[in-house]
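Here are a few notes to go through with the structure open. I've kept them to strands and charges.

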Amino acid sequence: MDTPEYSPRYIQLNELYIDTVVIDDTEFITLWCFSIVDDEYKFIYLGCDFTQFNQVLIGAGEKGKEIALHMADILNKPYDVPTLIPVKERFDEYLELSGFDIIVYEPLAVEDDFEEIEDDDDLPLEHLLGGPSNNNSTKYLIYQLDKLYPSKVFEPERRSPESLAETFEDDTLELAQLYYDYLNAMENGYNEAEARQVAGLEKELFFRMAQKAADLWH
């Protein structure tokens, strides 16, 4: 039987707080960071290549330039593999990226969880790399960065409470923004199914509701 073709599932993050940068002997690096996943701040491992990380640094503004210079000093000399660059510890704050649509997916090689650890040698990834421990959960969120582009915020003209009830107004605005996220993903090279996935509009009814909401506020 043929193995089913792997189809990555994309999700969209809108803010990123990078704690540590891990460099090894490949063209990829790993970011230890925090972001909102499923409406909660969670610690994640985010893989990216150096070109993508440069985009992150540029998007982070002046703090990104400062960290880029610090990394250049490290990379221009012999360094251990892996090398950890503790951003929060070194600069007293996280490297913050906001105002961008950060599209990520779970790599093929990642298992859903690490619940069955039978031997002492089979330590979780965070212990192997020296990352922060989490005694409350055995679930590790590991993603690969796919694309990064500036967010387009949906800013419709507000209507009076007499024309639309306030709660309905907020709900339709949120739906309209999801549809705008879908359009933004389409503009940036995702196909129809992927763009709906990015925006969380896979279900046809929900998609049509978001489309109608966008029309309402246009």
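Before the points, one cut-off: a residue is called buried under 20% relative accessible area, exposed over 50%, and partly exposed in between. Please also keep in mind that this is a predicted model.

1. Start with the salt bridge between the side chains of K65 and E62, which meet at 3.4 Å, N to O. Both K65 and E62 are exposed, so each has over 50% relative accessible area. The two belong to helix α2 (residues 62-75) and, because they are three residues apart there, about one helical turn separates them.

2. Stay with that helix for K63. Its salt bridge goes to E93, with the closest N and O atoms 3.2 Å apart. Here K63 lies in helix α2 while E93 lies in the loop between α3 (87-91) and β5, so the pair ties together parts 30 residues apart in sequence. With a relative accessible area of 39%, E93 is partly exposed.

3. Now look at helix α7 (residues 204-217). What do the side chains of E204 and R208 form? They meet in a salt bridge, at 3.8 Å from N to O. In α7 the two are four residues apart, so about one helical turn lies between them. E204 counts as partly exposed at 38% relative accessible area, and R208 is also partly exposed, at 41%. For the overall tally, the structure holds nine salt bridges.

4. Some acidic residues are worth a look too. D39, E40, D171 and E174 gather in a patch of negative charge on the surface. Of these, D171 is placed in helix α5 (residues 166-187).

5. Last, the strands. Is strand β6 (residues 141-150) mostly covered or mostly open? Mostly covered: seven of its ten residues are buried. Strand β3 (residues 40-49) runs parallel to β6, and four bridges join them; in this pairing, I44 has L141 as its bridge partner in β6. Strand β5 (residues 95-105) pairs with β6 in the antiparallel sense, over six bridges. To find your way around β6, locate Y149, which has D101 standing opposite.

Notes:
Residues numbered from 1 in each chain as written. Predicted model: local features only at pLDDT ≥ 70, side-chain atom pairs only at ≥ 80, totals over all residues. Heavy atoms only, no water. Buried < 20%, exposed > 50% of the residue type's maximum accessible area, 1.4 Å probe, protein only. Pairing = 2+ DSSP bridges. Patch = residues over 30% accessible without salt bridge, like charges linked within 9 Å, V, L, I, M, F, W, Y side chains within 5 Å. Areas by Shrake-Rupley, 256 points an atom, 1.4 Å probe, with all protein chains shown as cover. Salt bridge = Lys/Arg side-chain N within 4 Å of Asp/Glu carboxyl O. Lys, Arg positive; Asp, Glu negative; His and termini not counted. Charge placed at Lys NZ, Arg CZ, Asp CG, Glu CD.
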